[in-house]
Amino acid sequence: MNTKMVKSMVVLAQIPLVALFPLCICYQTHENTSSFYDNSCPNAQAIVQSYVAKAYSNDPRMAASILRLHFHDCFVNGCDASVLLDSSGTMESEKRSNANRDSARGFEVIDEIKSALENECPETVSCADLLALVARDSIVICGGPSWEVNLGRRDAREASLSGSMENIPSPESTLQTIVNMFNLQGLDLTDLVALLGSHTIGNSRCIGFRQRLYNHTGNNDPDQTLNQDYASMLQQGCPISGNDQNLFNLDYVTPTKFDNYYFKNLVNFRGLLSSDEILFTQSSETMEMVKFYAENEETFFEQFAKSIVKMGNISPLTGTDGEIRRICRRVNHDV
């Protein structure tokens, strides 16, 4: 690593986080209960778990894909399964947003699980709760932590394409942008670093990180915070043009295992996405968290579980708000 790069990183790491972290826009969460379906659909969680295992067995990539749906759902008007809705009438699907188009997947798996739940206990288990359960079960099957999933969410009757365009970070987002987006959801810096640790599984398309390889600053230079041996390896499958959809593991060391190698990779400047590596290079506070989780997997697991429960509590629909969709892709009056 050259001297210029090291000096640049030191300067960036000294930026106080107060300059990056604006005043929190707070909201109230609804504390649901993990026993919500114990009487109305006692086999619900077992059904979900069995179908997640089946999907993972057929395609190990699916674990990260259905986990991602929960994230992208909760960041747009709360955890209400709006991400699952297809376009209908005047409603434009969130699947059309930049964050989801050509990359969001696993909808057929959700359909299959929902059908099984409807056969077991009709109009009882919400699609929003289903997303929260598959997120937990996907991580567990990959070797990650488990937690009690709060249940009792209801499903939205509308989607927000604009919200999906505006509220989900992109691979090229700045640290301040990512912090702002998490803050607006009531998630703090600790939540941010822990939740991004989910990138220990999953993939990114070439188009999501190509700029780092060839033109990071607009001057036809590669990203100097990317290990050059790693960059050369990536360039073999991600040329300067073409092959946009080629897939690369977010964690090239243990790509299908939920562990702390995501953080170890960042310390070694081998984070695939710019929006990941900046956790180690642009804030002393996030840098220290990355280093700590790289050495303490159990602590990472504990914090991840706390943070994803917190995320799952973002603005749920409860009581008589929303509905329990019979088919997750459509609101009930369209079924």
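Start by selecting Tyr252, in the loop that runs between strand 2 (247-249) and helix 11 (261-267). Keep in mind that this is a predicted model. Tyr252 is partly exposed, at 32% relative accessibility. With Tyr252 they make a nonpolar surface patch of about 250 Å².

Next, the largest pocket. Its space comes to about 1,300 Å³. To centre the view, pick Arg68, His72, Ala99, Pro169 and Pro171, which lie nearest the pocket centre among 44 lining residues. Then colour the elements that each give two or more residues to the lining: helix 3 (62-74), helix 6 (161-167), helix 7 (175-184), helix 8 (189-196), strand 1 (203-205), helix 9 (210-214) and helix 12 (274-281). Helix 3 gives the largest share, seven residues.

Now turn to the backbone. Most residues other than glycine have a negative phi. Which way does Asn77 go, positive or negative? Its phi is positive, about 60 degrees, and Asn77 is not a glycine. Find Asn77 in the loop between helix 3 and helix 4 (107-120). Asn77 counts as exposed because its relative accessible area, 51%, is over the 50% cut-off.

Last stop: Phe269, in the loop between helix 11 and helix 12. Phe269 is another non-glycine residue with a positive phi of about 60 degrees. Is Phe269 buried or exposed? Phe269 is buried, since its 12% relative accessibility is under the 20% cut-off.

Note on methods:
Residues numbered from 1 in each chain as written. Predicted model: local features only at pLDDT ≥ 70, side-chain atom pairs only at ≥ 80, totals over all residues. Heavy atoms only, no water. Patch = residues over 30% accessible without salt bridge, like charges linked within 9 Å, V, L, I, M, F, W, Y side chains within 5 Å. Areas by Shrake-Rupley, 256 points an atom, 1.4 Å probe, with all protein chains shown as cover. Salt bridge = Lys/Arg side-chain N within 4 Å of Asp/Glu carboxyl O. Helix = DSSP H or I, 4+ residues; strand = E, 2+ residues; numbered from the N terminus. Buried < 20%, exposed > 50% of the residue type's maximum accessible area, 1.4 Å probe, protein only. 1 Å grid on protein atoms, 1.4 Å probe; cavity = no way out; pocket = protein on both sides within 12 Å on 5 of 7 lines; lining within 4 Å. Points joined across faces, edges and corners; volume = space filled by probe spheres on them.
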